[in-house]
Amino acid sequence: MATVGTSTGFGVGGVKLHSFNSNPLSSFLGKKLSFKTLSESTAHKKFSTPRSKNLVVLASGGEIYSFVHDLFVGVGVGLPCTVMECGDIIYRSTLPKSNGISPTVPGVILALGTISYLWATPGVAPGFFDMFVLAFVERIFRPSYKKDDIVLGKKLGGGSFGVVYRASLAKKPSSKDGEIVLKKATEYGAVEIWMNERVRRACANSCADFLYGFLESSPKKGAEYWLIWKFEGESTLADLIQSKEFPYNVETLILEKVQDLPKGIERENRIIQTILRQLLFALDSLHSTGIVHRDIKPQNIIFSEDSRTFKIIDLGAAADLRVGINYIPKEFLLDPRYAAPEQYIMSTQTPSAPSAPVATALSPVLWQLNLPDRFDIYSAGLIFLQMAFPGLRNDSSLIQFNRQLKRCDYDLTAWRNTVEARAGPELRRGFELLDLDGGQGWELLTSMVRYKARQRISAKTALAHPYFDKEGLLALSFMQSLRMQLFRATQQDYSEAANWIIQLMAKSGTKKDGGFTEAQLQALREIKPTKKSSAQRNALASALKVQRKIIRTINESVDELNRRRKSLWWSRWIPREE
Ligand SMILES: Nc1ncnc2c1ncn2[C@@H]1O[C@H](COP(=O)(O)OP(=O)(O)OP(=O)(O)O)[C@@H](O)[C@H]1O
């Protein structure tokens, strides 16, 4: 019996599909045709006929299919029968087993790669689930509020983008649950509602408890976004840090009682550790869901009296990198006291996301290219610094510090070298606190406050830093020292490491021993790339200038288009008061 079947196999996402047929169309159009033919006594004859004869009975669509199939087989796209599990269609026992799906090694690797990509920060897959499932389910079940449900209280703050009030719910005026904070915001309120809803679903404990947001229109004031949060507490970190009692005032808040321990830098260090850990924990949760806050400062960190932890507030300047909301760099307002030197969370060469689905699909790549979360880490580093040095807690001294740091090229060690020699007792005490336990605090601080975003530590890695391991023990365990070495090796700037090796070689090397002499090393350091001739350089510079201009024009046009499209975006999601 002649074997007349051909077999084709295509690997699709880790799955190899087999089709077995004498005529490709029969399997393509459906099993009906094949099995009907099989049951006929003429089946064998029919299947034994040459392919050209079979084509006679096919519809014209089949002819085209056959032609395309033959063409592909002819040019070698189809896999040869020899590598496939071919069998005889009459003697079914020789047919491949009906396990049409069999995993292949490259397929499994591809599938794992795809899954990793979809789950990588900021999370494409969780993003889709959040947007299309959780958001809708939440909308059905969560309580909603309207203007008449709210009784306004005293004003808590406000700027050009909105006013914040302490308020209560008309239905529960005297209960703790009824205490709320209301923000009446301008057009930026839409972004803030979006961010707060995202945060509430993804990491509720990191930020103030958001209750509801809606668009309220009145003939007098026009459209205003109303945002409601639970009232978390009276004090922000800015209030607490300004007190002479800091950090002991925070210890009392967290532990709910005054500790009967001698005051000193070790106890203070432990309290500062706790505050920093809570802040980094909140930041890590925000960053893991693809949100960068961009306005981290003590004024935006509130102490929640219920949970006795610090939480983040004011997401008005935040960017959601998962769907590309609000990351147009030129549009946001940063606080120069706490902003990282790069000012923008994304490279200005990155155009704003074309549309939510495309931005979502590209988000892991853009995140890795720009590491936008490190913007918040720099701000958190400055807060750490302020907690350690009382002299840097007011605005003017912080501004002065920023200027000094800029002069030192944002190198904290260089700054330390310039100020330590003539430091007063307060500054010395700060260094002493950070130098405890082998200088872990100082090391963590220097890995948070760095010029290049890429060299800054992430919130997750910072939480694993040995600084947070020590709970009352002075000596480092063997494992902690090991982790610290590993941490140092992975976090360092490798240009610094290269310099260090050169230094080391200079110290140990002599011509006699085969090492480098100081003079040779000096020559090595001074080797500069050869300069191109000036005509060549000018041409290259002009070409680069033109290229930059083209990119800028394209980006600006895309930004402009997106801005318009995005304004429609928001309105679909924000509830309006009837
Ligand atoms: N959930 C909350 N619980 C208690 N107090 C809050 C809460 N949210 C905000 N506040 C208080 O309201 C103040 C202003 O809030 P927020 O920073 O969100 O508004 P803002 O208009 O952006 O202010 P600013 O322009 O000063 O940053 C905060 O400093 C804080 O004291």
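**The ligand and its pocket**

Good morning. I begin with the shell around the ligand, whose residues divide into 8 nonpolar, 4 polar and 4 charged. In this count Ala, Val, Leu, Ile, Met, Phe, Trp, Tyr, Cys and Pro are nonpolar, Asp, Glu, Lys and Arg are charged, and the others, Gly among them, are polar. The model is predicted: local features need pLDDT of at least 70, side-chain atom pairs count only at pLDDT 80 or more, and totals for chains, interfaces and linings use all residues. Residues are numbered from 1 along each chain as its sequence is written, and side-chain values use heavy atoms, with hydrogens and water left out.

The ligand is surrounded by 16 residues, the closest being Val164, Lys183, Lys230, Glu232 and Asp314; a residue is near if one of its heavy atoms lies within 4 Å. Both β6 (179-185) and β8 (222-230) supply at least two residues of this shell. Strands are DSSP runs of E with at least two residues, helices are runs of H or I with at least four, and numbering starts from the N terminus.

Next, the polar contacts, that is, pairs of N or O atoms within 3.5 Å. A nitrogen atom of the ligand lies 3.0 Å from a backbone N or O atom of Lys230. A polar backbone atom of Glu232 is 2.9 Å from a ligand nitrogen. In the side chain of Asp314, an N or O atom is 2.7 Å from an oxygen atom of the ligand. Of the 610 Å² of accessible area that the ligand has on its own, the protein covers 78%, by the Shrake-Rupley method with a 1.4 Å probe.

The volume of the largest pocket is about 1,000 Å³, taken as the space filled by probe spheres set on the points. Its lining has 40 residues, with Val164, Lys183, Asn300, Ile313 and Asp314 nearest the centre. β4 contributes the most to this lining, with 5 residues.

Finally, the peptide bond from Phe246 to Pro247 is cis, with omega near 5°.

Terms used: A polar contact is a pair of N or O atoms within 3.5 Å; within protein, one must be able to donate a hydrogen and the other to accept it, and residues adjacent in sequence count only if both atoms are side-chain atoms. On a 1 Å grid over the protein atoms alone, a cavity is a set of points where a 1.4 Å probe fits but cannot get out, and a pocket is an open set with protein on both sides within 12 Å along at least five of seven lines; lining residues have an atom within 4 Å of a point.
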